Amino acid sequence: MTVFDHVQRSATAVGLTVVGGFHPQSADDAAEGVQTVVLLGPGGSETWDHFCQSTEYSDGLAHGMDRWSRRVITALGEDLDAEPAFPFGGPPWLPFQKWATWGEHAVPSPVGMQASPSRGLWASYRGALMFRMKLDLPEWPDASPCSPCAQPCRTACPIGAFQDGSYDAARCADYVRSEAGHACRDGCLVRKSCPAGQQIALPTAQREFHMQAFLSAN
């Protein structure tokens, strides 16, 4: 079993999955001395199942999923001799969008959100592990999910919250809270419309959880 296989199995055991990875070319790309960055994302319903059994889910405090991710990925880093990194908790903010481009071949979608070849607009990251050794990495799909697509994401939002590469979060939140926005409450209609990655769409309860967190913040 390779080191990468061990990393993937260890991530799977705690409800996450490796969604990408890359070898940094300079100290600007990751912490100095880091030779491999491995991106961690949701592992389908397994992530939600693990989170629902956690203290962070049941304690009623804010940012439960982020706190769970920090605890679990930090422990993974200790076990695997890697430094954890997270897309939340800034400033400063780590360049996860760049990492997604390098590590998973994610591209800007027509609505601005990044889309990955295998996960479409469901692409998200719970964190990353930074290794000071060069791991042999698999090849991830690199064909753009957007160029051959009919791009239903452009018209999926009922209020046009995504326009010219910008996103009106306040208008979106007001609509989702309204009676008319009921269909959006178990997940963004734009994300749902993306043909890529439909097989890894988050469980309904998890989509509702994230939408409630979004409404609480806006």
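Predicted model: local features only at pLDDT ≥ 70, side-chain atom pairs only at ≥ 80, totals over all residues.
Aromatic pairs, cysteines and a helix crossing

Helix α5 spans residues 96-104 and holds both phenylalanine 96 and tryptophan 99, which stand 3 residues apart, about one turn of the helix.

A pair of aromatic rings is described by the distance of the centres and the angle of the planes. Searching the whole structure gives 13 aromatic pairs. In one of them, the ring centres of phenylalanine 96 and tryptophan 99 are 4.9 Å apart and the planes stand at 50°, so this pair is tilted. The angle falls between the limits of 30 degrees, under which a pair counts as stacked, and 60, over which a pair counts as edge-to-face. Phenylalanine 162 and tyrosine 167 form another pair, with centres 4.7 Å apart and planes at 15°, so these two rings are stacked. Phenylalanine 162 counts as buried because its relative accessibility is 13%, and buried means under 20%. Tyrosine 167 has a relative accessible area of 39%, so this residue is partly exposed.

Phe96 and Trp99 also belong to a cluster, in which ring pairs link them with Phe22, Trp102 and Tyr125.

The cysteines come next. How many disulfides does a search of the whole structure find? The search finds 0. For cysteine 172, the nearest cysteine sulfur is that of cysteine 157, 6.2 Å away. A disulfide requires two cysteine sulfur atoms within 2.5 Å, so cysteine 172 is in none. Cysteine 172 has a relative accessibility of 15% and therefore counts as buried. Cysteine 188 is likewise in no disulfide, and its nearest cysteine sulfur, that of cysteine 172, is 6.5 Å away.

Helix α2 covers residues 45-52 and helix α9 covers residues 204-217; their axes come within 9 Å and cross at roughly 65°. That angle makes α2 roughly perpendicular to α9, because the range counted as roughly perpendicular runs from 65 to 115 degrees. The crossing in which α2 passes α9 is left-handed.

Methods: Residues numbered from 1 in each chain as written. Heavy atoms only, no water. Buried < 20%, exposed > 50% of the residue type's maximum accessible area, 1.4 Å probe, protein only. Phe/Tyr/Trp six-rings, centres within 6.5 Å; stacked < 30°, edge-to-face > 60°. Helix = DSSP H or I, 4+ residues; strand = E, 2+ residues; numbered from the N terminus. Axes fitted to C-alpha atoms, helices over the stretch in contact; angles between N-to-C directions. Parallel < 35°, antiparallel > 145°, perpendicular 65-115°, else oblique. Left-handed = near helix turned anticlockwise from the far one by under 90°.
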